Amino acid sequence: MDFLAIHILNALLYASVLFLIAGGLSLIYGVMRIVNLAHGNLYALGAFVTAGAVGHFFPETQSRLVFLLLPAGAIATAAAGAILEPTLLRPFYKRAEEYQLLVTFGLLMILEDLMRFLWGPYPLSASSVFEQLGSFTVGSAIYPTYNLLVIAVGGVAALFLWGFIYKTKFGVMLRATSQNMRTASALGVNVNRVYIQAFTIGCFMAGLGGAIVVPSQSAVLGMGVDALVLAFIVVVIGGLGSLEGALVGALIVGVFREIGVTVFAEIELAVLYLIAVIVLLVRPAGLFGRAT
Amino acid sequence: MKKEDVTRREFLSKLGVGTAAATLGAAAGVGVGVARAEEKPKGNIPNKPFRIGHMTFFTGPGAVLGEPMYKGNLLAADEINAQGGLLGKRKIEILKADEAAGTDANTKEMRRLKLSEKIDMFMGITSSGNTPALGPVAEELRLLTIFIDGCTDFLFDKAVPNPRYIFRITNIQSADGATCGLAVAANWPDVKRVAHIHPDYAYGRNAFDHFKIVAKKLMPKVQHVSEGWPKLFSTDFAAHITKAIASKPDMLMTSLWGGDYVSFYKQALRYGLFSKMRVATTLALGVAPHAIGKDHPEGVLTGVHANYHFSYPAGDRWPLNKTFVEKYHAKFGEYPNFQAEGAYTATHMLRQAIERANKLAGGWPDDDAIIGQLEGAMMAGPGGYVYIRPDNHQGYKDAITGFSKNVPEYPFPILDPARIITIPIRNITAPPGWPKGEPTSTYTWIDQTWPAVKA
């Protein structure tokens, strides 16, 4: 029973980080209709920036100030997004999808090499943040307190996004642009500004995912590609372009991965693909996807 | 399976599993490094550069192993070039190639390096997925090759059973799981319930198999109570850790390495795993010694791929290691791992073979003459003696592992100098002529020839 509680918390932890990554990916697709393959390494960038900053300013510390550095990765990634969208991506919106895939895939690899260049090939950790909060006990089991913070951040991000998109004027413009870019533009919406804002928010979420997860793990080369694949499983299940879908998809993946690891150790990865296959067979556009 | 009337203690002592702080004598006269008085090479030596194609991981998560490998090669080449080059004439030139391009692209690159770049030899390779693909290509191209790692038993068991042009310097993979198993049997014989977490690819499977076969022989009562198979290069192990703890083992065996191991131990600490069980690893301190923090628990059986840790042999006892570590640290600002030691030793072994071949016939030796000198070569490297078996071209050196310990001299844990475990390599690897077996020849050899001990 104690371990059941731990397994549930583990699943929520996984879902929380996945939502941050997949939510950003889905938002960007929903508004701009581009599949941003570089998204995985934007997540990794968040992790590297935060780990690099913590390692640089607080290598061995018990200072609580270190928590102030956590958002550094999210902010840096958002800034990168604000630069990348107008310079690199915008020229390709009117081109065929292959061009967008090539450009974003190229960007994925450039970002990987950039991180390798800036931080070297060895794993970076920011575990002083993780350690400071210690662990708490659930019956006979122990759980890291920091992970609750990660779960909370995922939850708050979901709420915040929902409010932002459905309760603000900007959200209306965003949805309008997403549904019909030309009409929105004709009605006076500054589409370019909406694009850059949406892309920046998507990057912020990815960066936040990396920044918040790195204290309990480590920043390593290749983590972005791994995350990208998982994020795709989430959006395939939830429906590309849907935030609700990203949330539900992340929860499904989180829960089934935990079950997979625990019960079907030999095929833990295959379990996730199987779920994606089943969803695609039953609802080809994903659970919340709009069939086009 | 025959039962022999032998106790665990007796059999371990037969195998020479030693926990010793001082087992080595003085360094032999022939070693790495070029400080000794050079004899003048015989005959005419051309002065055109000797080109080595060095392929390893320069990008992606494998760079954590690839980078030190390249650096080891570079350091040895610099030493040799400072003396004028190979045979005092041919400076070593290294051409880099990125192993991360993928197996198919790697074989093409090997061909290109040989045919277009006219490399004289090929070196490197980290992944066990790549050596079995590149080995046959090197044979076909007649390209003199020393693989540094990619240590799968499969290469010389199956892919290239009768190698001519290819060699490999670091210990064969099966030695790693077997070393871990023997170290556990010798130090924690009371272990009964073992949980496993291994990366889900060839290396993890190999470590799991060989640990299990050794445990079956030396700790017949051991039960394997849970298995976790995370994907290679994962960073989230919460589910695997929870599963392992829930199975109530008294020991966890893991072959996670690199960034995976760093993420794993940080999480395992906060989940209280280390306080609930002993932990035995195959590669924890082997990949990037400095990437493990002092928060890592002491007394963990921290493997170094059964190959090398820079802290052993320590001090002045084995000057080859002392000077190697000092030079490496001065040049790169970090400590060498087993890949760095392997590449460094391989480069000097090549030099030794060329010098010997020259002494016999004069002039620049052809590949056949160099191969003749590499087969059966023995050399003292930083980590100890390395022997190249003539039948399978595989390098063998005594296996080593130990326990993590924090010492004031280093900002990261090292192997406890008082409890280093060394095992003569011949006692844990299948001998020449042993029939090829499944999953490895060493596995069937252990299974068929080791006695099962009395409890």
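Modeller: The model is a predicted one, in which local features need pLDDT of at least 70 and side-chain atom pairs count only at pLDDT 80 or more, while totals for chains, interfaces and linings use all residues. Residues are numbered from 1 along each chain as its sequence is written, chains are lettered from A and ligands numbered from 1 in the order in which they are written, and side-chain values use heavy atoms, with hydrogens and water left out.

Chain B brings 43 residues to the contact and chain A brings 39 residues, where contact means heavy atoms within 4.5 Å. The rule finds four salt bridges across this interface; a salt bridge is a side-chain nitrogen of Lys or Arg within 4 Å of a carboxyl oxygen of Asp or Glu. The side chains of R116(A) and E67(B) form a salt bridge, at 2.6 Å from N to O. There are also 20 residue pairs in polar contact between chain B and chain A, both residues being at pLDDT 80 or more. A polar contact is a pair of N or O atoms within 3.5 Å; within protein, one must be able to donate a hydrogen and the other to accept it, and residues adjacent in sequence count only if both atoms are side-chain atoms.

On the side of chain B that touches chain A, the elements giving two or more residues are α2 (63-82), β8 (223-228), α8 (238-246) and α9 (258-270) of chain B. By class, that side has 16 nonpolar, 13 polar and 14 charged residues. Ala, Val, Leu, Ile, Met, Phe, Trp, Tyr, Cys and Pro count as nonpolar, Asp, Glu, Lys and Arg as charged, and the others, Gly among them, as polar.

Along the principal axes, the C-alpha atoms of chain B fill a box of roughly 70 × 45 × 45 Å. Of the 455 residues, 63% count as buried; for a residue, buried means under 20% relative accessible area, exposed over 50%, and partly exposed in between (1.4 Å probe, protein chains only). Among the contacts in chain B with a separation of 6 or more, 73% come from residues 24 or more positions apart.

One residue inside chain B is H54(B), in strand β2 (residues 50-56). H54(B) counts as buried, at 0% relative accessibility. Its side chain is joined to that of N73(B) by a polar contact of 2.7 Å. Leaving out residues up to four places away in sequence, H54(B) touches several others, including M69(B), Y70(B), I94(B) and M123(B).

The backbone has some particular points as well. Most residues other than glycine have a negative phi, and most peptide bonds are trans. I125(B), although not a glycine, has a positive phi of about 80°. I125(B) lies in the loop between β4 (121-124) and α4 (131-141) of chain B and is buried, with a relative accessible area of 0%. A cis peptide bond joins Y312(B) and P313(B), with omega about -5°; P313(B) sits in the loop between β10 (278-281) and α11 (319-332) of chain B. Another cis peptide bond, again with omega about -5°, joins E438(B) and P439(B). P439(B) is in the loop between β17 (421-423) and α14 of chain B.

Helix α14 (residues 441-449) of chain B has as its buried residues S441(B), T442(B), T444(B), W445(B) and I446(B). These residues pack against α5 (154-159), α6 (174-187) and α7 (202-218) of chain B.

Definitions and conventions
Helix = DSSP H or I, 4+ residues; strand = E, 2+ residues; numbered from the N terminus.
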